[in-house]
Amino acid sequence: MTDGTPRPLRADARRNREKILTAAVRVFTTEGLDAHLERIAKEAGVGSATLYRNFPTREALIEAVYRNEVAQLCDAAPALLAQKPPTEALRAWTRLFLDYVTAKYGMIDALRAIAATGSNPYGHSREMIQAAITSLMDACTAAGAIRTDIRPTDIGAALEGIALTSAGAEHRQQAERLLDLTLDGLTVRP
């Protein structure tokens, strides 16, 4: 008798799933969301049956890609804090946030269509992203490197605003300048 929780994937099945998600990001980015799923399977080095066993519909694949991108973005915060001083980690993470938003921007119509069916592809993404920003800002505050009157939700709103006005690869340089401006305004001056 099972308790309803799915069994963990075997190591090879988990690797195949990760390869499919990685390939899907590449293919969707270069060819758009209407790219053939067989192309994604080939790029991932798996058969079509393996792709469809993991993701029975295009929408399921797109939703999984989105959720995976959010998880990778949020998982990067503690990794960056372990490798860099807090302000450098925050700056590096904001660049990753731009990458995430650029990828999401290309998927927006498909994500809206998925949401219209009653599924919620966004789930807890806002809370997860806010938690990542909070951890980065807490580390910066503990180091005495940033102002204490700015809340993580303020930085989240600023990042969203920059992303909305500068989403897309053609606006990347402007987005990075705006990020620098925002982060420089956050920095404590002696």
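1. Helices (H or I, at least four residues) are DSSP runs, numbered from the N terminus. The expected span of a helix is 1.5 Å times one less than its number of residues. Helix α1, residues 11–31, has 21 residues and spans 30 Å from first to last C-alpha, close to the expected 30 Å. Just after α1, G32 has a positive phi of about 90°.

2. This is a predicted model, in which local features need pLDDT of at least 70 and side-chain atom pairs count only at pLDDT 80 or more, while totals for chains, interfaces and linings use all residues. Residues are numbered from 1 along each chain as its sequence is written, and side-chain values use heavy atoms, with hydrogens and water left out.

3. Buried here means under 20% relative accessible area (1.4 Å probe, protein chains only). In α1 the buried residues are A13, I20, L21, A23, A24, V27 and F28. Their cover includes α2 (37–44), α3 (48–54) and α4 (58–83).

4. A nonpolar core is a set of buried Ala, Val, Leu, Ile, Met, Phe, Trp, Tyr and Cys residues joined through side-chain atoms within 4.5 Å. The largest one has 29 residues, and W93, F97, Y100, I129, I133, L159 and L186 have the most contacts inside it. Two or more residues come from each of α4, α5 (86–116), α6 (125–142), α7 (152–166) and α8 (172–186). Apart from this core lies another of 20 residues, including V27, L37, V46 and L51.

5. Contact means heavy atoms within 4.5 Å. Leaving out residues up to four places away in sequence, L186 touches L90, M137, A145, I146, R147, I150 and I155.

6. There are 0 disulfides, a disulfide being a pair of cysteine sulfur atoms within 2.5 Å. C74 is buried at 12% relative accessible area, and C140 is buried at 0%.

Definitions and conventions. Buried < 20%, exposed > 50% of the residue type's maximum accessible area, 1.4 Å probe, protein only.
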